Structure formats: C-alpha cells, structure tokens
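Dear colleague,

Please find below the structure that I am handing over to you. My notes on what was found in it follow directly after.

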Amino acid sequence: MAVSVSRYVKGTVQLFENLEKWLFVILLGSLAAFAVLQIILRNFFSTGLVWGDDLLRHGVLWISILGASRATLEKRHIRIDLLPRVLPARIGLISEAIGSFISFLVCTVLFWASWNFVRGERLAANIAFASIPYWCLELIFPMGFALMALRFLFRATSELSGGSGGMEP
C-alpha cells in the first residue's frame, strides 16, 4: 500500500510539474505574439489595444514568478554554495539543508506579505482591464512564493535524509 501511495504522490507531483511547464510555455508564446501584434498595430496602423501594455506587464510578472518557481524546482536558482564545496560531504549536505530551510522561511514570509497585499487589492476593487480585477492578476505572488516555499522545504528535508527529494527534473 505504501508503494501505491508513493507512486500516486509522484504521479501527482509530475502532473503539476508538467502543467507548470506548459503554462509557462503557453504564456510565453502568447505574450510574444501579443507584443508583436501591439508593435504592428502601433507602427503600421497608428493604433493599439489600450489595455495591451497592462496585459503584457502582468504577463511578464507571471512568467517571472513561474520561472523562479521552475528554477527552484531544477535547483538552478541563484544561491551561494561556497560552504558545500569546501566542507566535507556530510557537513556540506547539512549546510545545503540549512540554506534551503532559510530560503523556505524567506519564501514563507514573502508568501504571507504577498497574501496580505492581494487581500488589500481585493478590498480596493480596482479593475486592471477587461473587467479583470488587479487582485486576480496578482495572485501569482502568493501562489509562486507558496510553491517555492514548499520546494525549499522538501529540498531541506531530503538533503538531511541524504536523498534528492525528487527535486531534479
């Protein structure tokens, strides 16, 4: 039974990782096409979509947060790894686990701050474009920081146990 639960969890994690990857790809392609459309409309037809710049700005925000989350998953985020390189292997793993745990704490604080920010935006009820409120577009902040926090927590626990924790692709 433990094997089937483990396989189910791994399958679910893999599904969400694939969804994240495809969301990133679709978002990037759509934004590139929309930016080209805006350029063509402005340069050749002296017009453009009024809400286009706002859409592109928030799309870049989503791509940035999804990219940071993906970099965290693949262990390609910016980090200082001098200690693990110069310390003995076991102590190096412990220092990496401590670094991952500190990153988890930072992402948790950022999640909390961004959640409060989004709640404030929801109360303000400002509309971005096409009747879409700003708070819906800014939900990527708490979602992204929560995902990164979980990934850092899993990495910290797996480094202490000596495994990879399924963090590499």
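**Nonpolar cores**

In this predicted model, the largest nonpolar core has 8 residues in all: Leu27, Leu31, Phe34, Leu56, Ile63, Ile65, Leu66 and Ile140. A nonpolar core is a set of buried Ala, Val, Leu, Ile, Met, Phe, Trp, Tyr and Cys residues joined through side-chain atoms within 4.5 Å; buried means under 20% relative accessible area, exposed over 50% and partly exposed in between (1.4 Å probe, protein chains only). Two or more residues are given to this core by H1 and by helix H2 (52–73), helices being DSSP runs of H or I with at least four residues, numbered from the N terminus. H2 supplies the largest share, 4 residues. A second, separate core of 6 residues includes Phe104, Met148, Ala149 and Phe152.

**Individual residues**

Leaving aside residues up to four places away in sequence, Leu56 touches Leu31, Phe34, Ala35 and Gln38 (contact means heavy atoms within 4.5 Å).

Ser100 belongs to helix H4 (residues 89–124) and is buried, because its relative accessible area is 6%.

Gly11, in helix H1 (residues 2–45), is partly exposed at 38% relative accessibility.

**Basis of the values**

Residues are numbered from 1 along each chain as its sequence is written, and side-chain values use heavy atoms, with hydrogens and water left out. Local features need pLDDT of at least 70 and side-chain atom pairs count only at pLDDT 80 or more, whereas totals for chains, interfaces and linings use all residues.

With kind regards
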